[in-house]
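Subject: Structure handover

Hello,

Here is the structure I said I would pass on, with the sequence alongside. My notes on what was found follow below.

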Amino acid sequence: SQGDEMGQNLMETDNQFLTAIRKMLRHMLAHELHLDQEKIEEKMAFTEMGMDSISGVTWVRKINDQYG
């Protein structure tokens, strides 16, 4: 039905949006930690990637600047 098709289109748009956000956050995090983006794993703890409290606060501020 038309409603099902609209729902499917919205889900695809949401998935594309979430993928774009993840990509940007990965890029920003890699830049902050001076790592290649391939080294950033979603299930890895920030501390395992080398983040400390100062770099964490700096990264969050940059996210806020970017996304408000």
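Predicted model: local features only at pLDDT ≥ 70, side-chain atom pairs only at ≥ 80, totals over all residues.

Glu 32 is part of helix α1. Its relative accessible area is 12%, under the 20% limit, so Glu 32 counts as buried.

Ser 55 is the partner of Glu 32 that I followed up. Ser 55 sits in helix α2 and is buried as well, with a relative accessible area of 11%. With neighbours within four places in sequence left aside, the contacts of Ser 55 are Glu 32, Leu 33 and Gly 50.

In soluble globular proteins, nonpolar side chains tend to be buried together. Here, the largest nonpolar core consists of 9 residues: Met 28, Leu 29, Ala 30, Leu 33, Ile 40, Met 49, Met 51, Trp 59 and Ile 63. Helices α1 and α2 (53-67) each contribute at least two residues to this core, and α1 gives the largest share, 4 residues.

Ile 40 is one of the core residues. Once residues up to four places away in sequence are excluded, Ile 40 touches Arg 26, Leu 29, Ala 30, Leu 35 and Met 49.

The largest pocket

The volume of the largest pocket is about 160 Å³. Its lining is made up of Arg 22, Leu 25, Arg 26, Leu 29, Ile 40, Glu 41, Glu 42, Met 44, Phe 46, Met 49 and Trp 59. Which helix provides the largest share of that lining? Helix α1 (residues 2-33) does, with 4 residues. By type, the lining has 7 nonpolar and 4 charged residues, and no polar ones.

His 27 lies in helix α1. Is His 27 buried, partly exposed or exposed? Its relative accessibility is 40%, between the limits of 20% and 50%, so His 27 counts as partly exposed. The side chain of His 27 makes a polar contact with the side chain of Gln 37, at 3.1 Å. His 27 and Ile 40 are 13 residues apart along the chain, and their C-alpha atoms are separated by 9.0 Å.

His 34 is located in the loop between α1 and α2. The phi angle of His 34 is near 55°, a positive value in a residue other than glycine. With a relative accessibility of 72%, which is over 50%, His 34 is classed as exposed.

Asp 52

Asp 52 also belongs to the loop between α1 and α2. At a relative accessible area of 45%, Asp 52 is partly exposed. A polar atom of the Asp 52 side chain lies 3.2 Å from the backbone nitrogen of Ile 54. What is the C-alpha to C-alpha distance between Asp 52 and Leu 33? It is 9.6 Å, for two residues that are 19 apart in sequence.

Regards

Key. Residues numbered from 1 in each chain as written. Heavy atoms only, no water. 1 Å grid on protein atoms, 1.4 Å probe; cavity = no way out; pocket = protein on both sides within 12 Å on 5 of 7 lines; lining within 4 Å. Points joined across faces, edges and corners; volume = space filled by probe spheres on them. Nonpolar A, V, L, I, M, F, W, Y, C, P; charged D, E, K, R; others polar. Core = buried A, V, L, I, M, F, W, Y, C linked by side-chain atoms within 4.5 Å. Buried < 20%, exposed > 50% of the residue type's maximum accessible area, 1.4 Å probe, protein only. Contact = heavy atoms within 4.5 Å. Polar contact = N/O pair within 3.5 Å; in protein donor to acceptor, adjacent residues only side chain to side chain.
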